[in-house]
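Dear colleague,

Here is the structure that I promised to pass on to you. Please open it next to this message, and then read on for what was found in it.

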Amino acid sequence: MIEPFKMGYTAIGGLGIFILGMKYLSDSLQSLSGGLIRKAISKVTTNRFLAVIVGMVVTCFVQSSSITTVMVVGLTNAGLMQLTQAIGVILGANIGTTVTGWILAVKVGKYGLLLIAMGVFPMLFSKNDKISASAKVLVALGMIFFGLEIMSGAFKPLRSDERFMNLMLSLDAQTILSILGCVAIGCMMTMIIQSSSAMLGITIALATTGAIPIYTAIALVMGENIGTTITAQFAAIGGSVPSRRAAMAHTIFNVLGVVIIVSIFSPYVSFIEKIVPGLSSFVDAEGNRPYIAAHIAMGHTFFNVTATLVMLPFLNQLATLVTKIIPDKAGEEKGAFKYIGAPGTIPVAMGISMVFEELKRMQGRVHKALRHAGSFAQKELKGRDRFYRKVASIEDETDVMQHEITSFTVALMQAGGASKSQSDRAYSFVRAADELESIADYAANFCSYVKRLDKHEVDFSEDAWRDIHHFHHEVLSFFSQVCKAFNDEDVSSTRKIYDEANRLNDLSDQTRKDHLARMKDGSCGALPALTFSDMAVALRRIKSHTVNLHEALFDET
């Protein structure tokens with residue numbers, strides 16, 4: 001006798017424990033990965049084949065293809081990732097997410113509480129981040145298995161319910177209409193739950209208890225592959241054209257793959273039956289089907305791996321297709337970075353990686369501003385006013401970038417789940433963004449002082465121009481040295497950077513001394529003297545903020 005209310009709250013409770021376990025597993029694996037995820041993401045922009053591997057590895061760590069694709073949409077939106085590389089990561093994410101099926105196929109459900117008992121106390125009371133994160137993996141796996149066990153228990157009465165079995169007869173995935181019906185149900189349920197892993201858990205729970213056969217289960221999994229793309233579509237709403245193209249490529253790839261499988265559905269399921277040991281229909285003494293979970297996991301994995309290998313040579317064609325579907329909009333602004341999704345929905349490691357990539361882009365913009373400022377100071381250069389406009393534009397851009405980085409990082413940290421090392425690194429990025437914005441401000445100030453000379457039609461002596469050009473060149477070289485250490489994450493360069501900063505202090509003092517000598521001998525008028533002093537101070541402040549930039553990123557205190 002089925003008690004609908006009891007079955008309902010038991011199944012939902014089991015699903016809740018399952019989803020919480022998946023979240024714990026994602027958080028703990030990210031914490032244990034250290035800088036692996038961030039370094040992997042930074043490498044992904046160079047090679048599309050590597051992108052697939054990175055997408056697969058990252059998804060294995062975060063245990064959610066939705067999280068990976070949302071991250072990819074964000075990086076594409078920011079201009080930090082090309083469309084073909086973004087598609088490569090998404091294809092890899094589709095492979096990585098199949099790991100969940102194999103975790104669920106492991107027959108250790110009855111040991112779920114044991115795993116929780118082994119991990120809960122080290123997780124709660126250990127002072128060591130690594131031990132705590134490792135224990136959290138045990139607790140997470142225990143919750144996943146225990147939640148699946150609860151769901152399986154809740155669904156057991158369905159296999160003897162006449163009304164449910166009659167419904168399953170109409171959705172037995174033996175005809176094209178019933179296959180499409182199962183695909184549609186899997187798709188809609190995944191859209192509602194917003195987790196293909198959770199829907200996969202429900203499917204395996206139903207199949208293990210004998211409530212649904214292998215054909216129906218695999219058809220539901222195909223639908224779940226389509227339903228999971230809705231998360232990326234939501235993330236791309238209001239984003240840039242490249243981000244919408246990345247989300248569309250994800251959807252097209254999954255839909256196209258499912259259409260091909262549906263067209264050969266019966267042979268495909270028969271093939272899975274042959275390559276996986278044990279009959280999916282085998283029933284043990286307790287009335288369960290112990291082998292069907294492995295068949296479902298293999299059906300999921302084989303589909304995604306094969307589809308990715310087939311599609312990989314055609315990434316450019318897929319990119320061309322989505323470009324035609326979502327064309328560029330005339331006059332669309334390609335402005336500052338726009339973060340995708342609420343920070344609370346983005347894993348901490350992913351969020352920090354996004355900030356790091358954006359900080360590198362900001363550093364590149366500030367470097368350009370300093371170079372343009374030096375070009376504007378070349379009085380003999382034709383058309384030099386364009387450099388003044390470029391510096392002013394970059395200065396405005398860095399104001400927005402600093403605000404976005406600070407707002408996003410603070411919200412990311414407030415969402416919780418960050419380890420101490422992640423929190424320290426995140427706030428060091430906030431400080432670094434502030435230093436970069438200040439450098440851009442002083443570059444703009446430097447240009448305004450040159451503009452003052454033009455406005456009042458006064459000039460420096462040749463010696464004064466030589467000194468200011470030399471000082472600017474040295475400061476620009478120093479900034480480049482610090483940025484190289486930043487991009488290479490070379491903490492060993494700290495001593496050299498401090499030595500160079502001290503040398504620039506001496507150069508600043510000598511420049512000021514020579515300037516005072518020119519004032520005394522009358523070769524420098526009042527306004528040029530004041531302007532030269534302002535320009536020298538601006539360059540010295542740029543040097544100071546550059547030192548601060550290095551300390552923000554590498555200070556171990």
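When the whole structure of this predicted model is searched, 1 cavity of 30 Å³ or more turns up. A cavity here is a set of points, on a 1 Å grid over the protein atoms alone, where a 1.4 Å probe fits but cannot get out, and its lining residues have an atom within 4 Å of a point. Rolling a probe the size of a water molecule over the atoms shows where empty space is left. The largest cavity holds about 80 Å³ of space, a volume being the space filled by probe spheres set on the points, which are joined across faces, edges and corners. Its lining consists of 11 residues, and Thr97, Ser196, Glu224, Asn225 and His300 are the ones that lie nearest the centre. Helix H11 (196-208) and helix H12 (214-227) each give at least two residues to this lining, and the largest share, 3 residues, comes from H11.

Residues are numbered from 1 along each chain as its sequence is written.

As for the protein chain as a whole, its secondary structure comes to 23 helices and 0 strands, where helices (H or I, at least four residues) and strands (E, at least two) are DSSP runs numbered from the N terminus. Of its 557 residues, 53% are buried, that is, under 20% relative accessible area, whereas exposed means over 50% and partly exposed lies in between (1.4 Å probe, protein chains only). If we take contacts (heavy atoms within 4.5 Å) between residues at least 6 apart in sequence, 81% of them join residues at least 24 apart.

The confidence of the predictor, given for each residue as pLDDT from 0 to 100, averages 82 over the protein chain, and 84% of the residues score at least 70.

Histidine 295 lies in helix H16 (residues 292-311) and counts as buried because its relative accessibility is 0%. Leaving out residues up to four places away in sequence, histidine 295 touches several others, including Ile214, Ile218 and Glu273. In helix H17 (residues 315-325), the buried residues are Leu315, Leu318, Ala319 and Val322. Seen down the axis of H17, these buried residues fall within an arc of 100°, so they line one face of the helix; the arc is that of the directions from the helix axis to the C-beta atoms.

In the loop between helix H20 (420-456) and helix H21 (462-488) you will find glutamate 457, which has a positive phi of about 55° although it is not a glycine. Glutamate 457 counts as exposed because its relative accessibility is 73%. Valine 458 has its place in the loop between H20 and H21, and with 24% relative accessibility valine 458 counts as partly exposed. Although valine 458 and leucine 527 are 69 residues apart in sequence, their C-alpha atoms are 7.9 Å apart in space.

With kind regards

Notes: Predicted model: local features only at pLDDT ≥ 70, side-chain atom pairs only at ≥ 80, totals over all residues. Heavy atoms only, no water. 1 Å grid on protein atoms, 1.4 Å probe; cavity = no way out; pocket = protein on both sides within 12 Å on 5 of 7 lines; lining within 4 Å.
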